[in-house]
Amino acid sequence: MQNFLTIDNGGTNTKVVIVSATGKQLGVAAFPTKGIEPQPNFHEIELDHLLEDIGVAVKQALSNAHWTPEDISAVTTVGQGKGLYVLNKQMRPFRNGILSADSRAEQLAEHFEQHVGQIFEVSHQHILASQAPVLLRWLKDNRPSEYRQIGAVLSNKDFIRFLLTGEAVQERGDASGNNLLDLLTGQYDERLTKFFGISEIFQTLPPLVNATDQCGTISEAAAQITGLTVGIPVYAGMFDIDACAIATGVLDSQLFSVIAGTWNMNIFPSNQMAEQGTGLMNSLFPTGNYLVEASSPTSAGNLNIIIKMLMTAEIRDAEASGKTIYDNLESFLETTDATFSQVLFYPFLYGSNRAPDAEGSFIGIRSTTTKSEMIKAVYEGVCFAHRQHLEQLVKVLGHQPRAIRMSGGACNSPSWVQMFADVFNLPIELTDVSELGGLGGAITIAVGSHLFGSFSEAVNHMSHVTKIVTPNTESVALYNRKYAMYEKFGAAMDGQWKAFNQMQKEMAENDN
């Protein structure tokens, strides 16, 4: 029996997942991704001890699975897309990684997006502040001494693979979602680095590989730290939205993949790319198709922040009783329906899917409004933000999907999954593996090692739907009314956020 190990580095947690060749999840270990905020809008990760932390988790996952390192057939990496991880000219890490939640380069991104028509027919990408070329330009303008040291540009999971193997290569799917590739040729294109004013970076872009390619083996140095056996094959892997889509069996446009985690991600595979005017993103999918994506940082991460703001006492009481706040909130959701809260929440604490400057807000608060109503509105607001993206995808595709395959932290709440089904008015199908990044990585290894001849064959053997959540007709009608108001109030604020942000900035400057 072959067993595969995936290192899945997310924005919130880093997980080591062991999965069998039949798709069974055997062992998991995790640790918090050590993000830091050296100043507002900066989201980075210290890299000096990352491999040591991964090593501890590898050993724990093996222990949980009751396996030894010799039982692992191959390793791969999965990670958050976008962001920036660089090596110096001696091929060594020298600065913090920059996470996908980073927004320091927002003004640069807005400037470049105004001229995106110059490169859209090359990369078929809109421009985001967290994309590598934008961050590289920011470093060039603001940290020139660091910029001059750069010898290789990597994505998150490619950097972790480098720590395991010593080989610096970049997987195409990640690179294509990072505004670095010509999507028609699948190769780097100098027109892109020139557009961003970083032409010298073109020479630092490492060789490209496919998700299923073997990219070296576990090095002696990595083996000493992780306990893995020297020489175990290491495969390229995927960025997380690809991994979750494949793990849930989303291989064509009959199904949509919805990931409700730190980010709000909604995708479908297609043999055609979305046009510039749709505002959607395109990237290369490991199956050979394109991936059409509508995403924003408007998902479950907003709930975590609001809970910390409003429920300090409740968090303490839950912990004192041996539970988590989420256990108590699940009971709360089970006993409330769509009529419970008359408040709307816009989940824009980290960014928006409406306007670059939009910020989080509650609408409809009265003197009688309770914390419980506000929390319920946050759950609903995240669902509405996802629905807005789904409607963008449906408009491009021309028809509704048969069902939604859902993943991400929100799936830990059955009541929230039901709410998503009601807001979408579509069935939601869940698979039997909780760590879908790990399963997606394992499927990649299974295809790359020729255990299975295609992703379709691998998915048939390794991914299994175990639960279908269907919409509640009464709730669908109520949520349609709420969503209509959510859209109306959101539209009324469009065009007003920039002036509001300017006022905030001037007040902060005066206060200092």
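Predicted model: local features only at pLDDT ≥ 70, side-chain atom pairs only at ≥ 80, totals over all residues.
Me: Thanks! In what order do the strands of the open sheet come?

Reply: Follow the seven strands across: β18-β19-β17-β16-β22-β23-β24, with mixed pairing. From one strand to the next, the twist averages 30°.

Me: Which strands stand at the edges, and why is one side of each left without a neighbour?

Reply: Those are β18 (281-284) and β24 (465-469); each has a single partner strand, so one side of each has no neighbour in the sheet.

Me: Which strands does helix α10 lie across?

Reply: Helix α10 (residues 240-247) lies across β16 (255-260), β17 (264-270), β18, β19, β22 (403-407) and β23 (428-431), and runs at about 125° to β16. Helix α14 (residues 371-397) also packs on the sheet, where it touches β16, β17, β19 and β22. The direction of α14 makes about 15° with that of β17.

Me: Now a pair of helices. How do the axes of α1 and α6 cross?

Reply: Angles of 65 to 115 degrees count as roughly perpendicular. Helix α1 (residues 50-65) and helix α6 (residues 156-165) have axes that come within 11 Å and cross at roughly 80°, which makes α1 roughly perpendicular to α6.

Me: Which residues meet there?

Reply: From α1 come Leu 50, Leu 51 and Ile 54, and they meet Phe 159, Ile 160, Leu 163 and Leu 164 in α6. The residues of this contact are seven nonpolar, no polar and no charged.

Note on methods. Residues numbered from 1 in each chain as written. Heavy atoms only, no water. Axes fitted to C-alpha atoms, helices over the stretch in contact; angles between N-to-C directions. Helix = DSSP H or I, 4+ residues; strand = E, 2+ residues; numbered from the N terminus. Parallel < 35°, antiparallel > 145°, perpendicular 65-115°, else oblique. Contact = heavy atoms within 4.5 Å. Nonpolar A, V, L, I, M, F, W, Y, C, P; charged D, E, K, R; others polar. Pairing = 2+ DSSP bridges.
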